[in-house]
Every structure is written in C-alpha cells, then in structure tokens.
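Student: I would like a close look at a single part of this model. Please take it slowly and then connect it to what surrounds it.

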Amino acid sequence: MRIVDSPNHDERPPGTEISLIVLHSISLPPGQYGGDSIERLFTNCLDPEADPYFREICDLKVSAHFLVQRDGSLIQFVPVERRAWHAGVSSWRGRERCNDFSIGIELEGAEHEVFTDPQYQALTGLVRRLQSQWPIRDVAAHSDVAPGRKSDPGAHFDWARLLAALA
Ligand SMILES: [Zn+2]
C-alpha cells in the first residue's frame, strides 16, 4: 500500500463509530486509466490545462481514504481515523452526512466497464482488514447513499462477487 497524503480531510465528530464503507468509481479523464490524475485531484494538484474536464473539477476539495487501481495496487490518501471528503450530501439508514461515519474506497473504473480481477482481490482484502479493525456494519455504493445524484460505482460492479468473497 502506497501512502499519498491528501490535505482534504478533517476530524470526525467526537465519538463517531466508523460503521460504513462507501464504494466509488473514478477515472480521470473519464474512461482513461493509469497516470496520476486521481492522485493529483485528491492532493489539489490537478492541472486544469491538461484536459478540458479537469478545468471543471480542479478546484474541488475531495478525497477518499483508499484507491484501488486497475492492477490491484492500493493507495491510501487519508488515515481512517480522519474524515475524508467523498460522499457529499448523503444518507444511509436515515443517517445523514455519510462522510462522518464512513470509509471511502475508490475503484479506478468507469460506470460502463467491468472492474478487474486484481481489483476484486485487493478490495476484498482491504474490506476484510477494515472489518477487523472497525465496527463496519455495511458496505454501500455511492449511488446507495446519494441516489439520484450519484451512480457510481455503477451497474458493472459485481456485488455478489464481493459479498461471496467476504462471506
Ligand atoms: Zn462516488
């Protein structure tokens, strides 16, 4: 696991139990894999001139705790104890502001494409480890906690495969 420090985090509310994992997908530019654009986005270093889309998003202050790259490599951007900024306006089981009590995991991918075998393997290992360290009750999609607003990780994410691997 590589560590890349994102400045985009703050304190969780005092006494918050970390009980949810939120899964996302991201690729920058959309549909292109590899490169360091996701790292740059999460460290506020995205070059607005490098791609027309980057101009729209380069001022966002966002992060996730982890990124699972296409080859299964993991990058951690934010310590789990800290609140990363990934879910936005969101709610889960009637509780709002999912960033407060969740861990955000980004899968490098696009909503119209399947994820790779190494990604499922790395994700499974990561979720298992997090489940052993924190009182995780649920793993949800960003689209579950922000329905209508977000659609990632997308219809090609194989929930049955993840849940079977975790069982
Ligand atoms: Zn997302």
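In which loop is Pro 29 found?

Tutor: Pro 29 is found in the loop between strand 3 and helix 1, the latter being residues 37-42. Keep in mind that the model is predicted. The peptide bond that leads from Leu 28 to Pro 29 is cis, and its omega is near -15 degrees.

Strand 3 covers residues 20-26 and runs parallel to strand 10, with four bridges joining the two. Strand 10 consists of residues 138-141, and both of its faces are covered. Asp 138 and Ala 140 are on one side, Val 139 and Ala 141 are on the other, and all four are buried. As a general rule, side chains in a regular strand alternate between the two faces of the sheet.

The zinc ion comes next. His 24 is one of its protein donors, through ND1. The others are His 142, also through ND1, and Asp 152, through OD. These donors lie 2.0 to 2.2 Å from the zinc ion. Along the chain, their spacing reads H-x117-H-x9-D. His 142 belongs to helix 4 (residues 142-145), while Asp 152 sits in the loop between helix 4 and helix 5 (159-166), and the two are ten residues apart. Both His 142 and Asp 152 are buried.

The peptide bond from Asp 152 to Pro 153 is cis, with omega near 5 degrees. Pro 153 is found in the loop between helix 4 and helix 5.

Strand 3 gives the largest share of the lining, namely three residues. At least two residues each come from strand 3, helix 1 and helix 2, which is residues 52-57. By type, the lining divides into twelve nonpolar residues, eleven polar and six charged.

Arg 93 lies in the loop between strand 7 (91-92) and strand 8 (95-96). Arg 93 is not a glycine, yet its phi is positive, at about 50 degrees. Its relative accessibility is 66%, so Arg 93 counts as exposed. Arg 97 is in the loop between strand 8 and strand 9 (102-108). The phi of Arg 97, a residue other than glycine, is also positive, near 55 degrees. Arg 97 counts as exposed because its relative accessibility is 55%.

Gln 69 is in the loop between strand 4 (66-68) and strand 5 (74-76). Gln 69 is buried, because its relative accessible area is 18% and the cut-off for buried is under 20%. Leaving aside residues up to four places away in sequence, Gln 69 touches Ile 75, Glu 108 and Gln 119.

Strand 3 and helix 1 each supply at least two residues of the lining of the largest pocket.

Definitions and conventions. Residues numbered from 1 in each chain as written. Predicted model: local features only at pLDDT ≥ 70, side-chain atom pairs only at ≥ 80, totals over all residues. Heavy atoms only, no water. Buried < 20%, exposed > 50% of the residue type's maximum accessible area, 1.4 Å probe, protein only. Pairing = 2+ DSSP bridges. Donors = N, O, S within 2.8 Å, 3.2 Å for Na, K, Ca; no water. Contact = heavy atoms within 4.5 Å. Nonpolar A, V, L, I, M, F, W, Y, C, P; charged D, E, K, R; others polar.
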